[in-house]
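Dear colleague,

I am handing over the structure below, and after it you will find an account of what turned up when I went through it. Please read the two side by side.

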Amino acid sequence: MKQLQGPQSPTFVQTLQWVFRPMQYMEECAKRYGDIFTMRLGTAFDPLVYVSNPKALQQILSNDTGKQFAAPGETNIIFEAFLGKQSVITLGGAQHQRQRQLMMPPFHGDRMRTYAETIAKVTEEIMSQWQVGKSFSVRTSTQAITLRVIMQAVFGLYDGPRAQQLEKLLSELLDQTSSSFSVTLFYFPFLQKDLGAWSPWGKFLRIREQIDKLIYQEIGERRANFDRSRTDILNLLMAARDEAGEAMTDEELRDELMTLLTAGHETTATALAWAFYWIHKFPEVREKLLAELDTLGENPDCNAILKLPYLNAVYCETMRIYPVGMLTFPRVVKEPVNLVGYDLQPGTILVGSIYLTHRREDLYPEPEKFKPERFLERLFSPYEFLPFGAGARRCIGFAFAQFEMKMVLAKVLSSLDLELADNTEIKPVRRGLVTAQNRSIRLLVKGERTVKSRTLEAVTS
Ligand code: HEM
């Protein structure tokens with residue numbers, strides 16, 4: 001039997017390392033203690049067990065509603081200040097399952113494809129702001145695109161004064177909580193003190209209050225004039241009834257809408273910005289991608305774009321190399337269990353380290369190199385490649401994010417010739433509870449591009 005090991009430094013030292021240099025710290029721990037180790041962060045959930053062993057991840061994540069493990073809501077308390085107590089993220093057990101079932105369908109299959117038009121329209125709007133000969137901030141543009149797209153999916157609108165105000169406030173809220181200092185406030189609720197409008201927590205509360213007001217106004221108006229023909233998520237949630245025939249309360253609706261608005265845009269905006277970076281950092285990747293896109297001719301169908309193998313490989317490698325979500329949400333041990341040689345007791349809290357799993361040499365040789373070909377040469381299991389987690393809490397928006405990223409990339413790349421405004425290397429850093437680029441990526445607009453007529457045979461031969 002193996003003993004769980006982890007750093008012995010004082011808790012506050014481990015916490016500082018985790019807050020300020022999370023990826024480096026995980027790598028150092030993995031080098032020293034292996035692919036299952038502990039960390040102590042001084043929270044109620046110590047010690048936290050970090051797992052990046054695919055066999056162990058499979059055992060945990062394929063059983064997280066079973067006898068051995070659970071995917072509780074209480075361990076996501078860190079999100080409560082943002083999302084409230086009734087969010088799919090902060091709920092556990094049967095309530096969690098029920099909310100998931102309600103919220104999944106709009107993000108999958110044919111329903112999702114109805115957003116293709118919005119994605120194209122919003123991307124064109126943002127592209128029209130870029131000028132030939134000038135550079136633009138990639139992250140600002142991708143964030144504007146993903147925020148408007150999620151607003152359309154959730155409320156059925158992204159225009160008009162309320163939508164614009166919400167867009168501005170949501171961006172402010174996420175900026176306000178992006179620093180490592182703010183993260184400490186989320187980890188330690190006793191630091192959450194309102195010391196006035198200029199204090200970090202006070203500012204957070206005031207922005208949140210304004211957002212809530214707008215969301216409640218929208219809910220109120222929609223309740224007053226319920227329009228059955230609308231297909232947005234707010235309508236769907238308003239029409240839903242539980243086993244007792246009860247509809248969701250305004251507070252429940254607010255928490256779910258806030259969850260989708262925040263989880264649904266910042267992550268995708270960062271991932272999309274990374275994709276633009278890698279594609280323009282390596283001209284051969286861009287050339288290959290354009291050759292593949294050109295085979296589809298002008299105005300290609302979204303299903304054809306989704307199926308392009310090289311575009312898919314570039315997308316997967318982008319999600320692998322610097323995953324926006326470093327960890328899965330916590331899972332908890334329910335009964336004594338042997339996890340690949342370690343005996344774990346009930347109550348032990350485990351997190352999947354997506355970052356470390358994606359950096360395993362045995363799966364991804366030269367893991368620090370951007371090589372899309374890996375995804376053409378072999379298939380990875382859902383426990384070897386898991387940018388969206390797996391199991392009972394697998395990301396609700398995984399298909400939506402993939403769809404949106406591929407559509408935006410196809411549209412922008414085939415319309416414009418772009419290049420990196422400077423070649424400085426960009427690294428990932430913590431941004432709030434996820435990761436993002438350490439500085440702004442800027443792309444220079446060289447000119448318009450016309451689709452060259454190519455056949456798939458010519459590209460692959
Ligand atoms: C590139 C974009 C995204 C990334 C990398 C990402 C990543 C993740 C990860 C790692 C998890 C935790 C999974 C687990 O614990 O097993 C998660 C959960 C979640 N994501 Fe995403 N996500 C993205 C986009 C989205 C979008 C577009 C939406 C909504 C439209 C969304 C909504 C959610 C929700 C609601 C959960 C919680 C699910 C639950 O607790 O049952 N995400 N995401």
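Strand β3 and strand β5 (residues 331-333) pair in the antiparallel sense over two bridges, where two strands count as paired if DSSP finds at least two bridges between them, and where helices (H or I, at least four residues) and strands (E, at least two) are DSSP runs numbered from the N terminus. Within this pair, Phe69 stands opposite Val333 of β5. This is a predicted model, in which local features need pLDDT of at least 70 and side-chain atom pairs count only at pLDDT 80 or more, while totals for chains, interfaces and linings use all residues. Residues are numbered from 1 along each chain as its sequence is written, and side-chain values use heavy atoms, with hydrogens and water left out.

Both strands belong to an open sheet of five, in the order β1-β2-β8-β5-β3, with mixed pairing. Because β1 (36-39) and β3 (69-70) stand at its edges with a single partner strand each, one side of each is left without a neighbour in the sheet. Helix α2 (residues 22-33) lies across β1 and β2 (48-51), running at about 125 degrees to β1; axes are lines fitted to C-alpha atoms, for helices over the stretch in contact (heavy atoms within 4.5 Å), and angles run from 0 to 180 degrees between N-to-C directions. In the loop between β1 and β2 lies Pro47, which is joined to Asp46 by a cis peptide bond with omega of about -15 degrees.

A second open sheet holds three strands in the order β4-β12-β9, and its pairing is antiparallel. Its edge strands are β4 (135-137) and β9 (416-420), each pairing on one side only, and neighbouring strands are turned by 40 degrees against each other on average, direction ignored. Five bridges join β9 to β12 (residues 442-448), and Glu419 has Leu444 of β12 as its bridge partner. Helix α20 (residues 398-415) packs on this sheet, where α20 touches β9 and β12 and its direction makes about 100 degrees with that of β9.

In total 30 residues surround the ligand (a heavy atom within 4 Å), and the closest are His96, Arg100, Phe329, Arg393 and Cys395. The shell divides into 18 nonpolar, eight polar and four charged residues, with Ala, Val, Leu, Ile, Met, Phe, Trp, Tyr, Cys and Pro counted as nonpolar, Asp, Glu, Lys and Arg as charged, and the others, Gly among them, as polar.

What is the donor from the protein to the iron atom of the ligand? The single donor is Cys395, through SG, 2.3 Å away, and Cys395 is placed in the loop between α19 (374-377) and α20. Donors are N, O and S atoms within 2.8 Å of the metal (3.2 Å for Na, K and Ca), and water is not among the atoms, so sites may look incomplete. An oxygen atom of the ligand is 2.7 Å from an N or O atom in the side chain of Arg100, and a ligand oxygen is 2.9 Å from a polar backbone atom of Phe329.

Lastly, β10 and β11 form a hairpin with two residues between them, and Gly432 in the turn has a positive phi of about 65 degrees.

Conventions: Polar contact = N/O pair within 3.5 Å; in protein donor to acceptor, adjacent residues only side chain to side chain.
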